[in-house]
Amino acid sequence: MPRTARLLTLLGTATLALSTFAQTPAQPPAPHPVTLDDLFRFHDVANPELSPDGQWVLYTVAHTDEEKDKRLTDLYITRFDGSETLQLTYSVDNSPSQPRWSPDGKFITFETDRPGKAKGTQVWILDRRGGEARQLTDVKGHLGGYAWSPDGKKLLLAITADDDDKKDPKAGDKDKKDEKPKPVVIDRYHFKQDVEGYLSDNKHELLYLWDVDTHKLEKLTNDINHDENDPKWSPDGTKIAFVSNHDADPDRTTNTDIFVVDTKPNSAPKKLTTFDGPDGGRLAWSPDSKWIAYTQGSEPKFEEYDQQNLAIVNADGTGQRLVAPKLDRGVRNPVFSADGKSITVLVEDDRNEYPAEIDIASGSVKRLLDGDGVVTALNEAAGKTVVLRTIDTAPGELFAFDNGQLHQLTHENDALLSELKLGKTLDLEAKEKDGATPHSLLTLPPDAVAGKKYPMLLRIHGGPNGQDAHAFTIERQLFAARGYAVLNVNYRGSSGRGKAWQQSIFADWGNHEVADLLASVDEAVKEGYADPDHLGVGGWSYGGILTDYTIASTTRFKAAISGAGMGNPIGLYGIDEYVHQYNTELLPPWKAQETYIKLAYPLYHADRIKTPTLYMGGDKDMNVPLNGGEQMYQALRTLEVPTELVIYPGQFHGFTKPSFIKDRYQRYFAWYDKWVLNKNTPMPAKDASKAAE
């Protein structure tokens, strides 16, 4: 073949190959295990609200802006049939919250502190058909919440007075900056609260009626001395129910009651409930405006092991009773049926949470949704129901719910999930000598092989009033992606297993819980999932406290991480926000010295601890202050046990700064890898504040 002809043949073949390549669609990359680069790619769906006609769902979507180092939230609406979704806001700094439909369904309102004619957080209004949002209210003080009247003529506002209200309105920013700080003078029994700080005054959240047309603001009740929380309009618009504590000194009790008041300014509220404990939660009116559904908690001394039960009371104060007294599970979010004969609630039940219908007359309970998962919110209107549901392998999304069937409406994380390879979560159950049967969740690495033993992390939930459930948890998947099996145990004290299970650790911390944790680890080893020579432990809040109890009880763990924990209760008496629990559950220290010493065995017997332990916390945490971790860190440093203390500036009990959340995970990985796997994983910079810059 002549050289020219041969060249043309080769060029033609190459052109054909290129043409074929160009026509072949690019293959998506193979799914990968979750990494820290994926951490802030997830979106959080929340706050579903059906329109009055049931045709649209209003909701929020939150995402992380890493450059601004903050979370931002926007409003969306989607048709109930899922055929159309619209984004309504595009937040840059001032995110909207508490979205609501106007009663006629034409407008959407929300709270935000974006700049407007009035300063601070206000209610803004947006035409559903489009256009810019405009500021609706112009009130002074801190706006805590709001609700439309059924006729759409008024807003019910919950307002707490601000110190700024007393200052000269003509004072500029420079005057405020130059103002000298004043001493904080305290005389309250309960004088500090996480996020709020020192409670140096007796300001109360009070209810006001605000006229939409005239902007006239009027006090609803004739009471200014008690908080008025969680209000709910009756369907006929004539009454408002709310929750309040009218005890002689509300600081000294956990009691709350249901009150009702006429929807006229300066009306006298009437107390409806008499239980000497918490009555409240999210209130619901019957369609005929005669009955109020609410949740009643446990007796006051069990405040940290509280199980909410469904209750009803007539608006005239008669007929107060539990609706399903035989249901030994916590419930919340009551919603009356259209005929007023049943109430739908969300039931927390052994690693799951689902909607159930309770017949008012008989108290019979009917589960409405089967399968593993957690329904975190439920909303109904015009005979339609929408739920927010999450499972082990997917964050919460909105679903239309009808006759036990789910139809997915939002798909905020579908694209991301298609790129990820997730670990499988299994149920695990252990049995102890005393007959206790702790239930757990075990998440395996994405490519787990049957019969292979994996290094395992025992990660302990806080509370203790809470449960690890079949819900998407990024922490589990991050650890699983690094080759760890992750064990989450619902130890005694957890919710979801009934009152006796919760209350069994009353004034006996670090005993049954540790037995349950270790028995569950034994079960994971016995079943062949966990390598007994490569174990780690850790948790946050009560999970951090139990970490200290656990490493003071055994040396089997190679590494521990205690976040916002403590090992000496008396060291936090008067330092944290739990004075009522100390004085009612443990009794004051001068009356129960032996109890406090017994519960402080992590510190008083710190010489038993051999596990390398990382301590962490926020310097603004008043829930479980940093003091608790500092004491344990100092003890281990004194004993020359490998330890480290990481302090996050400006952070409360729950972290809010994304860069610090990421930094915390990096330190988790490095600590466990070093001591459990003997693997050198780089730590972030020692100064956590520099990592956020």
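A salt bridge is defined here as a side-chain nitrogen of Lys or Arg within 4 Å of a carboxyl oxygen of Asp or Glu. E218 and K216 meet this rule, with their closest N and O atoms 3.5 Å apart. E218 is partly exposed, at a relative accessible area of 24%. Buried means under 20% relative accessible area, exposed means over 50%, and partly exposed lies in between (1.4 Å probe, protein chains only).

The model is predicted; local features need pLDDT of at least 70, side-chain atom pairs count only at pLDDT 80 or more, and totals for chains, interfaces and linings use all residues. Residues are numbered from 1 along each chain as its sequence is written, and side-chain values use heavy atoms, with hydrogens and water left out.

Confidence was examined next. pLDDT is the predictor's confidence in each residue, from 0 to 100. The protein averages a pLDDT of 93, and 93% of the residues score at least 70. Residues 1-22 stay under 50. For that stretch the model has two contacts (heavy atoms within 4.5 Å) beyond four places in sequence. Residues 688-693 also have a pLDDT below 50. Beyond near neighbours in sequence, residues 688-693 have 13 contacts in the model.

Side chains of opposite charge can pair when their charged atoms come close. The count of salt bridges comes to 32. One of them joins the side chains of D69 and K657, at 3.6 Å from N to O. D69 lies in the loop between β3 (56-65) and β4 (70-79), and K657 lies in the loop between β40 (643-648) and α12 (658-676), so the pair ties together parts that are 588 residues apart in sequence. Helices (H or I, at least four residues) and strands (E, at least two) are DSSP runs, numbered from the N terminus. D69 is buried, at 14% relative accessibility. K657 is partly exposed, at 28%.

D127 forms a salt bridge with R129. The closest N and O atoms of this pair are 2.8 Å apart. R129 counts as exposed because its relative accessibility is 71%. Elsewhere, salt bridges link E432, D434, R492 and D516 in a network.

Helix α4 spans residues 474-481 and is mostly covered. Seven of its eight residues are buried. These are I474, E475, R476, Q477, L478, F479 and A480. After α4 comes G483, with a positive phi near 95 degrees.

Q502 sits in helix α5 (residues 499-503). Q502 counts as buried because its relative accessibility is 1%. Its side chain reaches the backbone oxygen of D306 at 3.5 Å. Apart from neighbours within four places in sequence, Q502 is in contact with Y305, D306, Q307, N465, G493, S494 and S495.

T109 belongs to strand β7 (residues 107-112). T109 is buried, with a relative accessible area of 0%. The side chains of T109 and W148 are joined by a polar contact of 3.0 Å. W148 is also among the residues in contact with T109 beyond four places in sequence. T109 and S97 are 12 residues apart along the chain, and their C-alpha atoms are separated by 9.2 Å.

Two surface sites complete the account. V184, I186 and Y198 form a nonpolar patch, with about 270 Å² of accessible area together. Patches are made of residues with over 30% relative accessible area and no salt bridge; like charges are joined within 9 Å, and nonpolar side chains (Val, Leu, Ile, Met, Phe, Trp, Tyr) within 5 Å. Accessible areas come from the Shrake-Rupley method with a 1.4 Å probe; for residues, only the protein chains shown count as cover. I186 lies in the loop between α2 (173-178) and β12 (192-193). I186 is partly exposed, at 32% relative accessibility.

K140 occupies the loop between β9 (134-135) and β10 (142-148). K140 is exposed, at 63% relative accessibility. K140 and K119 are 21 residues apart in sequence and 7.8 Å apart in space, from C-alpha to C-alpha.

Methods. Polar contact = N/O pair within 3.5 Å; in protein donor to acceptor, adjacent residues only side chain to side chain.
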